[in-house]
Amino acid sequence: MAAAAMAGSGKLLAAPGDVASPIRLGLASYTFRNFNRAQLIGFAKQLRVLSLNPKDVKDHLPADAEKEKAALADYRAAGLTLHAGGVVYFDKIDDADIRDKFEYCRRAGLGVIVAGDPAPGTLPRIERFAKEYDMRIAIHNHGPEDKLWASPRDVLKAVKGMDPRMGCCLDVGHTVRAGTDVVQAIHEAGPRLFNVHMKDLRDFHDKESQVAVGEGSMPAKKIFEALISIKYPGFVDLEYEVHPDDPMPGVIGSFAYMRGLLAGM
């Protein structure tokens with residue numbers, strides 16, 4: 001595979017401006033869902049992206065406690081930190097199941113849980129655990145196919161009046177496909193915005209039109225400006241979902257473009 005060959009080349013991708021930038025760039029491990037943890041670590045180090053948002057996919061961050069412990073040891077040894085985790089699906093109205101998922105995230109030292117498709121009836125229970133564990137819940141919007149959480153606005157309506165640890169993960173691609181102005185949504189979310197999944201699309205009506213960031217129509221600079229204006233404290237995690245068997249060319253291009261934008265800001 002081309003990506004594997006690239007990782008083995010030993011070449012590193014420079015990361016100008018990452019430290020000084022008010023925007024912190026991270027990587028959603030789902031980008032490398034067809035690669036194992038060792039390969040993921042190699043790619044992250046080549047990219048000079050040391051902050052990960054891992055998911056229980058392949059062996060990236062297994063739900064099993066012993067396997068998770070081994071994964072965490074590997075990340076520590078590689079100098080990588082985990083800032084959020086997910087998507088974690090809260091698909092049962094069951095306290096024991098919810099607690100298991102909070103324990104999974106606490107073992108990993110995560111401050112943000114990216115939550116997928118929780119039924120509205122589970123939110124009061126999740127809120128109770130968010131308070132107990134002092135973790136932020138970032139409900140992920142999944143675009144027009146998602147009957148509950150198409151847009152960040154759907155999330156914000158549901159968590160209005162709840163504990164401030166209840167908020168959203170704004171996926172920019174799904175947001176624009178839902179017909180929502182992504183820049184305006186950032187301002188509306190404000191302090192309830194806990195995670196951002198970054199991607200680009202050529203056509204805001206076509207899920208399959210995803211391209212490397214900077215090659216499509218996503219207003220990346222305006223997105224960064226909006227995040228800076230609300231003093232967003234979290235990470236912007238690249239989630240590159242196309243070319244799963246050879247994602248590195250698009251991933252490298254995406255980070256180069258985002259870093260170039262931030263360096264110019």
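A crossing of two helices is left-handed if the near helix is turned anticlockwise from the far one by less than a right angle, and right-handed if clockwise. By that rule, the crossing of α4 and α5 is right-handed. The model is predicted, so local features need pLDDT of at least 70 and side-chain atom pairs count only at pLDDT 80 or more, while totals for chains, interfaces and linings use all residues. Residues are numbered from 1 along each chain as its sequence is written, and side-chain values use heavy atoms, with hydrogens and water left out. Helices (H or I, at least four residues) and strands (E, at least two) are DSSP runs, numbered from the N terminus.

**Helices α4 and α5**

- Helix α4 covers residues 95-107 and helix α5 covers residues 123-133; they pack at an angle of about 35°, with their axes 10 Å apart.
- Axes are lines fitted to C-alpha atoms, for helices over the stretch in contact, and angles run from 0 to 180 degrees between N-to-C directions.
- On the α4 side, the contact (heavy atoms within 4.5 Å) is made by D95, I98, R99, F102, E103 and R106.
- On the α5 side, R125, I126, R128, F129, A130, E132 and Y133 take part.
- By class, this contact has six nonpolar, no polar and seven charged residues.
- Ala, Val, Leu, Ile, Met, Phe, Trp, Tyr, Cys and Pro count as nonpolar, Asp, Glu, Lys and Arg as charged, and the others, Gly among them, as polar.

**R106, a residue of α4**

- R106 lies in helix α4 and, at 45% relative accessibility, counts as partly exposed.
- Buried means under 20% relative accessible area, exposed over 50%, and partly exposed in between (1.4 Å probe, protein chains only).
- Not counting residues up to four places away in sequence, R106 touches Y133 and M135.
- R106 and M135 are 29 residues apart along the chain, and their C-alpha atoms are separated by 8.5 Å.

**Helices α9 and α10**

- Helix α9 (residues 220-229) packs against helix α10 (residues 248-264) at an angle of about 55°, and their axes are 10 Å apart.
- That angle makes α9 oblique to α10: angles under 35 degrees count as roughly parallel, over 145 as roughly antiparallel, 65 to 115 as roughly perpendicular and the rest as oblique.
- The crossing of α9 and α10 is right-handed.
- A220, K221 and F224 of α9 meet Y257, M258, L261 and L262 of α10.
- The contact of α9 with α10 has six nonpolar residues, no polar ones and one charged residue.

**Cysteines**

- The whole structure has zero disulfides, a disulfide being a pair of cysteine sulfur atoms within 2.5 Å.
- C168 is in no disulfide, and the nearest cysteine sulfur, that of C169, is 7.5 Å away.
- C105 is buried at 0% relative accessibility, and C168 is buried with a relative accessible area of 0%.

**Backbone exceptions**

- Most residues other than glycine have a negative phi, and most peptide bonds are trans.
- A cis peptide bond, with omega about 15°, joins G86 and V87; V87 is in strand β4 (residues 84-89).
- D117 has a positive phi near 50° and is not a glycine.
- D117 lies in the loop between β5 (112-116) and α5 and is partly exposed at 32% relative accessible area.
- D134, also not a glycine, has a positive phi of about 55°.
- D134 lies in the loop between α5 and β6 (136-140) and is exposed, with a relative accessible area of 54%.
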